[in-house]
Amino acid sequence: MRYRDQRRSESPAPRPHFTPRKSMGQNFLQDEEVARWIADQVQPDGADFVVEIGPGMGALTKHLVGRPKHLVLIEKDSQLAPELQGQFEGRKDVEVIHNDATRINLRSWFKHGPLRIVGNLPYSVGSEILKHWLTPPSPVGCAVFMLQKEVCDRLAATCEDDAYGALSLLVQKDWNVELLRIVPPEVFVPKPRVDSAVIRLTPRDPATLPVFDHVLFDRLVRMGFSQRRKQLKNLLPEAPGGWEALIQALNVSPTVRAEALSLTQWIHIARWYEQRHEADAGQKASEMFDVVNERNEVTGQLTRGEVHKRKLLHRAVHIFVINKRGHIYLQQRSHLKDVSPLKWDSSAAGHLDAGESYASAAIRETHEEIGIEVGTTEVAATIPAGDNTDHEFVELHLARHDGPIRCLPEEIATGDWFKPEDITAWVEARPQDFAKGFVTCWKVVQSFSSTLFSPATSRTS
Ligand code: SAM
């Protein structure tokens, strides 16, 4: 049966043979006006790619179908998913994925550009879905979710509000959260016990906050809110320079509690523990580089500013860090970078300092940018200077690493491990998401990438 045949003035009531499952958060929306309104909030008309999480029996879906160029429905229920697949069989613009939205691999979705996602989320796993889809790096450009009102209140709360807590801060550091509408239990079957609400999340402009170490921020916020009645000074580790100095810098009472501090003040705390007291600075135009001729021979030294302004030939190294699964770590460049801000790039990359070799620059950049010590690197390719490398003679190095990565916040906005085939598809679909030098390096290594990025075990054989 085709979807069109199923349209009716009201959303379908649960079928007689279908018993909604509480463990799957199955409360089905019955109100046409609310369903249409939620679908509209994600602005699906003409969008390239819209994802609906938990379509169930299609209450929202019927108001989405035909509006974006491509609609993807992710349903976990093993009875509902095949029904949806049957309904949309033969439609090129609708794809039904029978999968778990808390586990589905999102790395392959960056190639679709910033995604619009929408869902009347299963309340049983709402928080897990939020975490999976919204933790950076996220391919999401706009999310419209219906959830328990209490959770939406916490997501949108500021430090004046009762609902304010660790969740508010951990989400708002990366997302703008708008509480759009409250929805009563009566519009669902079965009827939930609590009110629901609809929120919209859009990525926060990183320039609206000073840079900070996100891992440290998360740890401090969780500690600070671990016992709400306790004063912050008894929950956080010893502050560098002492608690009094930190309190004075924040201009708050020494007995302050976690919930009295705003997002900006919490970021100030994270920066204090990092001992990051200077205002954020971009890259130094006064840094000295070797200038080279067209044979890559050093002819002199000039400042970074001068070299870039006059488009003089110089040297840079790119490093692809590969783990034992054969995945490559890609970084998204910080908004503070003077060249290609917020573009995706090699694991680490940078100019050679005056007098420095490519090999030592590779080890230095890997340490400075992503906090790992690689004893040696191997040269994978040398790439002549040109427009496609921003006038840099590039050496591409490979390094192996499996442990954690710690990004330097002023250099890197975020990063993650990607499968080579996902990178290839992403570069082909959206070269504009990447720094020019990376695209050039990627194209060069692709010709021999099957051996280069094969998992470590097979490489050694
Ligand atoms: N969109 C429908 C509506 O508004 O009536 C159904 C919403 S119902 C609250 C949640 C839906 O999510 C159900 O269809 C349920 O089977 C599905 N679901 C539950 N857990 C899921 C998961 N982990 N991944 C994908 N879908 C899930």
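# Briefing: salt bridges, cores and ligand contacts

His-63 is found in the loop between β2 and β3, where helices (H or I, at least four residues) and strands (E, at least two) are DSSP runs numbered from the N terminus. This is a predicted model, in which local features need pLDDT of at least 70 and side-chain atom pairs count only at pLDDT 80 or more, while totals for chains, interfaces and linings use all residues. Residues are numbered from 1 along each chain as its sequence is written, and side-chain values use heavy atoms, with hydrogens and water left out.

**The surroundings of His-63**

- With a relative accessible area of 6%, His-63 is buried; buried means under 20% relative accessible area, exposed means over 50%, and partly exposed lies in between (1.4 Å probe, protein chains only).
- Not counting residues up to four places away in sequence, His-63 touches Glu-32, Ala-35, Arg-36 and Ala-39, where contact means heavy atoms within 4.5 Å.

**Salt bridges**

- Side chains of opposite charge can pair when their charged atoms come close.
- The structure holds 32 salt bridges, each of them a side-chain nitrogen of Lys or Arg within 4 Å of a carboxyl oxygen of Asp or Glu.
- One of these salt bridges joins the side chains of Arg-67 and Asp-40 at 2.9 Å, N to O. Arg-67 lies in the loop between β2 (50-53) and β3 (71-75) and Asp-40 in helix α1 (residues 32-41), so the pair ties together parts that are 27 residues apart in sequence. Arg-67 is buried, at 14% relative accessible area, whereas Asp-40 is partly exposed, at 30%.
- Another salt bridge is formed by the side chains of Arg-107 and Asp-416, at 2.5 Å, N to O. This pair links distant parts of the chain, with Arg-107 in the loop between β4 (94-98) and β5 (115-120) and Asp-416 in strand β18 (residues 412-418), 309 residues apart. Arg-107 is partly exposed, with a relative accessible area of 22%, while Asp-416 is buried at 15%.
- The side chains of Glu-368 and Arg-364 also meet in a salt bridge, at 3.2 Å, N to O. Glu-368 and Arg-364 are separated by about one helical turn, because they stand four residues apart in helix α10 (residues 358-370). Glu-368 counts as partly exposed at 40% relative accessibility, and Arg-364 counts as buried at 17%.
- Glu-368 and Arg-364 belong to a network of salt bridges that also links Asp-353, Glu-356 and Glu-365.

**Nonpolar cores**

- A nonpolar core is a set of buried Ala, Val, Leu, Ile, Met, Phe, Trp, Tyr and Cys residues joined through side-chain atoms within 4.5 Å. The largest nonpolar core has 30 residues, of which Trp-109, Trp-133 and Phe-145 touch the most other members.
- At least two residues of this core come from each of β2, β3, β5, α3 (126-134), β6 (140-148), α4 (149-156), β7 (175-183) and β9 (196-203).
- Leaving out residues up to four places away in sequence, Trp-133 touches several residues, among them Val-51, Ile-74, Trp-109, Leu-115 and Val-140.

**Arg-276**

- Arg-276 lies in the loop between α8 (263-273) and β10 (288-292), and Arg-276 is buried, with a relative accessible area of 16%.
- The side chains of Arg-276 and Glu-410 are joined by a polar contact of 2.9 Å; a polar contact is a pair of N or O atoms within 3.5 Å, and within protein one must be able to donate a hydrogen and the other to accept it, with residues adjacent in sequence counting only if both atoms are side-chain atoms.
- Setting aside neighbours within four places in sequence, Arg-276 is in contact with Val-211, Arg-271, Pro-409 and Glu-410.

**Cysteines**

- A search of the whole structure finds zero disulfides, a disulfide being a pair of cysteine sulfur atoms within 2.5 Å.
- For Cys-142, which is in no disulfide, the nearest cysteine sulfur is that of Cys-152, 14 Å away; Cys-142 is buried, at 7% relative accessible area.

**Ligand**

- The ligand is surrounded by 23 residues, and the closest are Gln-26, Gly-54, Glu-75, Asp-100 and Asn-120; a residue is near a molecule or strand if one of its heavy atoms lies within 4 Å of it.
- A backbone N or O atom of Gly-54 lies 2.8 Å from a nitrogen atom of the ligand, and a polar side-chain atom of Asp-100 also lies 2.8 Å from a nitrogen atom of the ligand.
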